[in-house]
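I opened a new page for this chain.

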Amino acid sequence: TDRIALLSENRLEWAVTDLAIQMAGGVTVPIYPTLIPAQVEFILRDADVRVIFVSSAGQAAKVAAMRAKLPLLEHIIAFDADAAGEGVDAYEDVVRRGRKLGEPDAAHMAAQMLPTDWASVIYTSGTTGEPKGVILTHKNFMTNVRMCLDAFDIGTGDVYMSVLPLSNVFERSAGFYTMMTAGVQICYAESIELAMTNIGEVRPTVVCFVPRIYEKFYEAIQ
């Protein structure tokens with residue numbers, strides 16, 4: 001099964017690409033965009049990544065500089081159009097090529113996958129030594145989604161503000177898959193620093209944060 005990496009800040013393309021990888025039966029390998037090149041290189045090599053999606057010219061350059069050391073890496077695809085160039089494909093060009101192939105049979109593609117198939121490999125820094133890749137199946141994610149929806153009454157009338165990194169499994173499970181399954185509208189904050197401003201603009205009914213962000217909000221209010 002092909003491993004596809006995502007090296008990007010939160011944005012709509014992150015979510016769309018992750019879903020496309022899942023529907024195609026691939027395995028998403030999310031990478032924090034703040035990691036230094038050596039850490040990114042380790043993850044790409046350890047996970048045998050064939051394709052990587054990056055957000056910007058800076059992230060594309062980071063990967064291009066290590067490409068010679070990664071013989072399995074075949075494609076770099078950039079979300080920002082100005083990041084495309086020699087050895088880096090533009091996301092919009094990939095989307096256009098996909099449209100020419102016709103509408104995929106999503107139901108058929110999904111039927112080919114088993115609940116126990118790998119959905120993602122997430123690398124955790126909460127260990128000694130090099131990061132360890134944690135294998136998560138489709139059943140792992142969907143079990144969490146179902147339990148969340150049993151516990152919380154959310155639906156199409158709700159608006160969610162996504163602030164935490166989608167590379168984090170908490171945000172991806174609770175703030176992306178759970179909200180999408182419930183039909184909740186998802187809005188992406190411009191950054192953690194602008195989250196308070198964005199919340200005032202969007203007025204979400206649901207948020208998922210870690211304690212430190214609540215503390216920052218409290219300090220700002222005080």
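My entries follow, from the whole chain down to single residues.

**Entry 1: ground rules**

I noted that this is a predicted model, in which local features need pLDDT of at least 70, side-chain atom pairs count only at pLDDT 80 or more, and totals for chains, interfaces and linings use all residues. Residues are numbered from 1 along each chain as its sequence is written, and side-chain values use heavy atoms, with hydrogens and water left out.

**Entry 2: the whole chain**

I looked up the secondary structure and found 9 helices and 10 strands. Helices (H or I, at least four residues) and strands (E, at least two) are DSSP runs, numbered from the N terminus.

I then checked the radius of gyration, which is taken over C-alpha atoms, against the globule rule of 2.2 Å times the number of residues to the power 0.38. The chain has a radius of 18 Å, close to the 17 Å that the rule gives for 222 residues, so it is as compact as a globular protein of that length. The C-alpha trace spans about 50 × 40 × 40 Å along its principal axes.

I noted the accessible surface as about 12,200 Å², with 57% of it belonging to carbon and sulfur atoms. Such areas come from the Shrake-Rupley method with a 1.4 Å probe, and for residues only the protein chains shown count as cover.

I also looked up burial, and 42% of the 222 residues count as buried. Buried means under 20% relative accessible area, exposed over 50%, and partly exposed in between (1.4 Å probe, protein chains only).

Residues 24 or more positions apart account for 66% of them.

**Entry 3: the cores**

I use "nonpolar core" for a set of buried Ala, Val, Leu, Ile, Met, Phe, Trp, Tyr and Cys residues joined through side-chain atoms within 4.5 Å. Which members of the largest core touch the most other members? They are Val29, Ile31, Leu44, Ile52, Val54 and Val63, out of 25 residues. At least two residues of this core come from each of β1, β2 (27-31), α2 (37-46), β3, α3 (57-64), β4 (75-78) and β6 (118-124). The most come from α2, with 4 residues.

Another core, of 18 residues, lies apart from this one, and Ile21, Val51, Ile122 and Val145 are among its members.

I went back to Ile52 for its contacts. Not counting residues up to four places away in sequence, Ile52 touches Ala5, Leu7, Leu44, Val63, Leu73, His75, Ile76 and Ile77.

**Entry 4: the salt bridges**

I found 10 salt bridges in the structure. A salt bridge is a side-chain nitrogen of Lys or Arg within 4 Å of a carboxyl oxygen of Asp or Glu.

One of them joins Asp2 and Arg50, with the closest N and O atoms 2.9 Å apart. Asp2 lies in the segment before β1 (3-7) and Arg50 in strand β3 (residues 49-54), so the pair ties together parts that are 48 residues apart in sequence. Both ends are partly exposed: Asp2 at 37% relative accessibility and Arg50 at 31%.

Another pairs Arg96 with Asp93, where the closest N and O atoms are 2.3 Å apart. Both residues lie in helix α4 (residues 91-100), 3 residues apart, about one turn of the helix. Arg96 is partly exposed at 43%, as is Asp93 at 34%. I also noted that salt bridges with shared partners join Asp2, Arg50 and Glu74 into one network.

Arg11 counts as buried, at 19% relative accessibility.

**Entry 5: Thr178**

Is Thr178 buried or exposed? I found it buried, at 2% relative accessibility. Thr178 is in helix α7 (residues 169-182), and its side chain reaches the backbone oxygen of Ser173 at 2.7 Å. Leaving aside neighbours within four places in sequence, Thr178 is in contact with Val145, Cys148, Leu149, Ile154 and Ser173.

**Entry 6: positive phi**

Most residues other than glycine have a negative phi.

Asp48 has a phi near 55 degrees, sits in the loop between α2 and β3 and is partly exposed at 39%. Arg203 has a positive phi of about 55 degrees and is found in the loop between α8 (195-202) and β10 (206-207). Arg203 is exposed, with a relative accessible area of 68%.

How values were computed. Polar contact = N/O pair within 3.5 Å; in protein donor to acceptor, adjacent residues only side chain to side chain. Contact = heavy atoms within 4.5 Å.
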